[in-house]
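This briefing moves from one residue to the whole protein. Please keep the sequence and the 3D view open while reading.

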Amino acid sequence: MRLSTLRRSLTPLALTASVLLAGCANMPDMGMSSSADQVSGTQITNKDIFASDKFRLQYPAPTRWLADGSGYTTLEPSESQEGGRDIVRYHPVTNERTVMVSAEQLTPKGQDQALEIADYVWSKDGSKVLIFTNTKRSWRTNTLGDYWVLDRNNDELVQLGGDAPESTMMFAKFDPQGERVAYVMQNNLYVQDLDSMKITALTTDGNDHIVNGTFDWVNEEEFSLRDGFRWSPDGKHIAYWQLDTEGTPIFTMINNTDQLYPKLKQFPYPKVGQTNAAMRIGVLPADGGDTEWMKVPGDPRQHYLVRMNWAGNSDQLLIQQLPRSQNINRVFLADIDDGSVREILSEDTKSWAEYVDEVKFIDGGDSFVWMSERSGYRHLYRVERDTGKLTALTRGNWDVVELSRVDEKNGWVYFIASPETPLERYLFRASLDGSGKLERLTPDQPGTHSYSVSRDAKYAQHTYSAAGKVPNTDIVSLPEHKHIRTLVDNSDVQEKVDALAKRDIEFFRVPARDGLMLDGYIMRPTNFDPNKKYPILFYVYGEPWGQTVANRWGGWLYLWNIMLNQQGYIVASIDNRGTKSPRGFEWRRSIYKNLGIVTVRDQYDALQEMEKRWDYIDADRVGIWGHSGGGTQTLNALFRYPDTYKMGMALAPVPDLTLYDTIYQERYSGLLPESAERYKETSAITYAKNLEGDLLLIHGSGDDNVHFQGSERLVNELIKYNKQFEWFEYPNRSHGLWEYEGTTLHLRTMMTEFLKEHLEAGAK
């Protein structure tokens, strides 16, 4: 249940980078004095944050490192065509700029405007570029569109797909030789020859139920499965997923706002305990022919084929399979000639197993880099393809957060981690030989560092931010991490942030009732007097897809918190156990079948400890709010601890966990019918009758992720017990609650006014 991105547009109940807050775990109290003191600076309003460009950040265009090491390409506004963009190459050291593809080259004949570039891909030799344009939304992302190919040898620009309907093509990509392009259209796979422009239909059975080369809603949302086919390294075959959604219940949404009569939207959506799509993987010749289906064991409706790659050669596939319970990840080698499979590796748990996003093959395909939690922490391993033998590349009581690059030539694997504190992120590298050699490359600059590492690992695009520090991006050389050039510094926005009347964030730890330490942050009122008492508002997420306490730029939430500080509120957040913090296997799995119970108990325990530590927290004025998973935990706090939380704002929550999708909810809550009692106990709606505080419930009627249906059921439950509350529907808005003019400002203004009315501001 990640919160969908506003870009990835707001990311089920997952949390977007824009709302993550930051800090160092052991910072001392900031801005404290024995009496009230005035903090100078400018005031901030909702309009400043949500209806102006005052704090709008600049981000560099996505960097594409070239395979030949000659630099990186990016998109820049054309100097010769208004509204057009060029694809430009920069040398990482000299900054030499070369226009690789001009807007004029991307202007179709008979038109006066270049194609709008949503994405672009180079052929292996760089002689051609594939342009994705005219996009529109498929499920929750813009994966439908049109594709064009520019041949840089003769400047010929051609549209793919023949007479295909507009914006119906998906996931087009060159073959390894750059001579053909494969793509999905209307649930079938096609290959188009770039010389003759002949189109070959590889599959013809695609329809409303049979889906070839792409996925249904739930697999896209929860496994990030969108692009469902892979060229073999030799270009002779294509491996692909096929889904059969027949039997999956259809969910219906109604749009009452956009036309004279209501419009229905229907799509397969398996809720907890319902029928999943059947999944299988097949391989067929790239020039057409019969499909050889891989004989992966198990009922295809009771298993998930979560990842598939060519196994370092053109003869075998590496397939990762989870059962419906998701408690084991079995890794198979599949022979494409006869479909036979052999299990080479498994990751077993008593809760849920993780799959590995990017499997990097090395040693000529004889081994691959793998990530596993088998030691109790997430670490990197080298696995022999044929035997499954593992060799640890990283070790210790800390987690690898993300794999950045494998530099096989020089014997290194680059990754993100933060062994000393879960609140920060740094770049490391470890030796591929298993010797345990480990180097931290990021300098001693506390905060969050992210990287796009070049293919030869000599350079990286590096982005840094910290609490109260806006992101800035530069190019660095590796491994010495030497600054080469600044790409974006956002200094103008930083000056405006620095000018605000505000106090620093303090990051702290408090124990839960069993002694487990929980990370948190606190932001005190601008005119703070430690001898008086202030209301406190908690921001909560609390589920496995998000971390709210981290040393990074906090985006609009940080600015909104400052506004509340200026009005006399303390704001705070706690990462309860189970959140996406790099604190090891047990931390993350401790909420298995206990979402809503242990999660909000930790929130309650943290509040009790904070009240003991800081007596200026007014225990009679405690509020809480959250979106998506945070909305669910807000309801749990109000219903399970009604004497503690005096008000709450729940945005797009899941009051009844059985109403969410199979993949997410069964992963964390178990299967039906055996876990039926756990679903009842962990669902907030079960305890709605306990509501005593003031509740603002907000949901979009067009939410295809967390359905409006759940909040409607909660409304009925609250009515049944004569519980008074405020309820607001945003017509036809999706999970992010952002569509249509004025929505964001309206939402945050409503929240601010509700807070003022029901949690009195200022000192007492």
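In this predicted model, I87 has a relative accessibility of 0% and therefore counts as buried, since the cut-off for that word is under 20%.

**The setting of I87**
- I87 is part of strand β3, which covers residues 85-90.
- Although I87 and L75 are twelve residues apart in sequence, their C-alpha atoms are 4.8 Å apart in space.
- L75 is also one of the residues that I87 touches, when residues up to four places away in sequence are not counted.

**Overall build**
- The protein contains eleven helices together with 43 strands, and strand β3 is one of these strands.
- Its radius of gyration is 26 Å, close to the 27 Å that the globule rule gives for 764 residues, so the protein is as compact as a globular protein of that length.
- Taken along the principal axes, the box filled by the C-alpha atoms of the protein is roughly 80 × 65 × 60 Å.

- Among the 764 residues of the protein, 60% count as buried, and I87 is one of the buried residues.
- The accessible surface of the protein is about 30000 Å², and carbon and sulfur atoms account for 46% of that surface.

Note on methods: Residues numbered from 1 in each chain as written. Predicted model: local features only at pLDDT ≥ 70, side-chain atom pairs only at ≥ 80, totals over all residues. Heavy atoms only, no water. Helix = DSSP H or I, 4+ residues; strand = E, 2+ residues; numbered from the N terminus. Rg over C-alpha atoms; globule rule 2.2 N^0.38 Å. Buried < 20%, exposed > 50% of the residue type's maximum accessible area, 1.4 Å probe, protein only. Areas by Shrake-Rupley, 256 points an atom, 1.4 Å probe, with all protein chains shown as cover. Contact = heavy atoms within 4.5 Å.
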